[in-house]
Amino acid sequence: MNEIEEIRKENERLKNEMRAIGQNLNNLLREKEIEVQRALTTNQNSILQAKQTSVNTETWTEAMDELAHAINTSIMVATSAIKDLPESQERSKAFTHIRQIKNYTELVLWDLHIRKGELLNSNAEPVEIDLVPIFTENITAIKEEPSVLRPRNKNRAAQYSEMKVVIDFPQKCPIMVPAELKNVFDLLFLELLKNSFINTHAETPHVRVAVKELPRSFEVLFENNKIMDEKYREWFMGKSADSSFDIAKSIKVGLRLVMRWTEILKVTRDVTIVTEEELTRISLTIPKVIQL
Amino acid sequence: MKPISVFIADDYEDPREILKKSLIDFGKQENLEFSITEADTYSSAIQVLEEKARQKEYFDIQFIDIDFTGDENRGKADSGFSIIEKAFQICQLSIILTFSAQFKSIKLHPVFVDLVKRGLVADAFDKNASIDNPEQWFEIHFRRIIKDFKENLFLWDIWENNNTILTHLKEHSVTKDQMANLQIFSEIENYLDTTLMLLMNRGKIGAEHILNRSLLQMYHRALEIFCEGDKSEKEIREIADKNVHAVAAIINKNDLKFTRDDRLSALHKIVAHSASPISKFGYKVNNYRNNAMHQSKKFDVDTANILFGSLALHLYMVPGVKPKIERIREFYNNNSKLSGAKDLKELMGYVSFQIN
């Protein structure tokens, strides 16, 4: 009798255990279903998101092309109108700024072309450019037209014009670049020079530009006597997306182009701070042959 | 020099005005006169081109904008490409330049590159490039175009002569068999088109010596198949043997002989075609070709030899009709020291004095 009772109890226990296991299994299945559903939704969302991003890029590219068309036509009309004016400082200032508009437009457009994998005329033979005249011409251009630095007042403008830039580079620094991009360093150096000029000590401004030839590259150095903010440095080195530091927008936009284009051109950039001398050194290592 | 005819097609007035002013200023500097025609819509541009073609007037230089979206009727962002295709179809020799604000755009640039590759577009006048050198961007760029234009003026005579040849051959069969005639016509048409295209682009090709040899070879081949016509080998040999003394007298070469082997030569065919005074020029083309093919002869074919070949072809294919030589003569006057210049002068003398 006892034995039968024990077997019944055992049977009951096993039944309960089986019910519990069944319940667990059901719960597990439900959880898995939810997980699968969630994964599916996430996947669908990411596909939709990717599609949306691609449509946005396409639209943005088209919009930029159209914008460039309008800007370029206006550049021609404006240039032609100003050309008819008698020679003056204002006339030359207008040309400098129009040229800057053209260069910004081109750099943004080239970037879009490259992002789309449609670099212009990618079969074109590379051309040789010399970095030295790019420096000298840009330094002269800034000193002649300090308005590109957006000076606060006439005194600061005069200070920029009179600033003695220490230069130290070989007679010739030739590099090979794809023909379509032969003007790219023109603008990149201009932006870095602008950054150096502006970030100088108000009373004793110092800017030095040096180029050192290495076996397969040129190391280009832009030195100025104001210490670069830590946040600014992290951002410029691509380590942080936080751009809440205070620098002029005109400089920030130029440096964004420098950051983007150094990546495209496979140019290494670095920042060194020499605290005791209050110096900031931005260096670019430019390969002698640039291949995209 | 007569005025250089220029066509400007752009749907925006300001760039057209800027271009016109730049052309006039350039003309004053260089002592050149321009006759300028404008179109401000896609359809008016096509209409102007068709109308001019009907009048057999062709633009020397054309500035074509690409984006015609400012033309609210039929203008599209790439209408300029259709205008360029039309302009080239009407006249291959016209120098076509894009005059665009955004030919580098992602959608337009591949088409532009293709047109350049196919030889339809000679160069791009990029509207925003003016700021790179505001004082001289047009002059510097356009001076190169004018230099090419002047150096290539003689091509207009070749083009007109080619058209005359093809029209004549359409109306006068070379052979009785229609299919054979069509084949000969197509081959000659192909040679004429190719030689013109190569001559137009010779500056871009380089390898001048090889190019000239190939050009001469093509003129020679066109002459050979024309002279052969539908004559059998036997007929050619018989007529050639009959004509050889007369031709020898014309070229003042009493020992004129055909090749000793059994091969029927191009000379057989040329001599069999005619023993008239023009056989002197056919003989010369054959002689140039033989010398050019044999490296040991050290014969460098020059542009004067090429022009000679082109004119000789006209004399054979359109008998009794004067080919155009006005601009070829200008070329001769500027290049009289070329080794082929003496023969070219003689041929032009024949055209001027022996053909009415």
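Colleague: What makes up chain B in terms of helices and strands?

Modeller: Chain B of this predicted model has 15 helices and five strands. Its C-alpha atoms fill a box of roughly 70 × 45 × 40 Å along the principal axes.

Colleague: What share of the residues of chain B counts as buried?

Modeller: Of the 356 residues, 53% count as buried. The word applies to a residue with under 20% relative accessible area.

Colleague: Which residues of helix H4 of chain B are buried?

Modeller: H4(B) covers residues 109-117, and its buried residues are B:His109, B:Phe112 and B:Leu115.

Colleague: Why are these said to lie on the same side of H4(B)?

Modeller: Because they cover an arc of only 120° around the axis, they are on the same side of H4(B). An α-helix has 3.6 residues a turn, so residues three or four places apart point the same way.

Colleague: What do the buried residues of H4(B) pack against?

Modeller: They pack against helix H3 (79-90), strand S4 (95-100) and strand S5 (123-126) of chain B. Just after H4(B) comes B:Gly119, with a positive phi of about 80°.

Colleague: Now the interface. How many residues of chain A are in contact with chain B?

Modeller: 28 residues of chain A are in contact with 22 residues of chain B. A pair counts when heavy atoms are within 4.5 Å.

Colleague: What is the area buried between chain A and chain B?

Modeller: The area is about 2400 Å², and carbon and sulfur atoms give 60% of it.

Colleague: Why is the pair A:Asp84 and B:Lys21 called a salt bridge?

Modeller: The N to O distance between their side chains is 3.6 Å. The rule asks for a side-chain nitrogen of Lys or Arg within 4 Å of a carboxyl oxygen of Asp or Glu, so the pair of A:Asp84 and B:Lys21 qualifies. Across the interface of chain A and chain B the rule finds three salt bridges. Residue pairs in polar contact between the two chains, both at pLDDT 80 or more, number five.

Key: Residues are numbered from 1 along each chain as its sequence is written. Chains are lettered from A and ligands numbered from 1 in the order in which they are written. Side-chain values use heavy atoms; hydrogens and water are left out. Buried area is the accessible area (1.4 Å probe) that two parts lose on being put together, summed over both. A polar contact is a pair of N or O atoms within 3.5 Å; within protein, one must be able to donate a hydrogen and the other to accept it, and residues adjacent in sequence count only if both atoms are side-chain atoms. Buried means under 20% relative accessible area, exposed over 50%, partly exposed in between (1.4 Å probe, protein chains only). Helices (H or I, at least four residues) and strands (E, at least two) are DSSP runs, numbered from the N terminus. The arc is that of the directions from the helix axis to the C-beta atoms.
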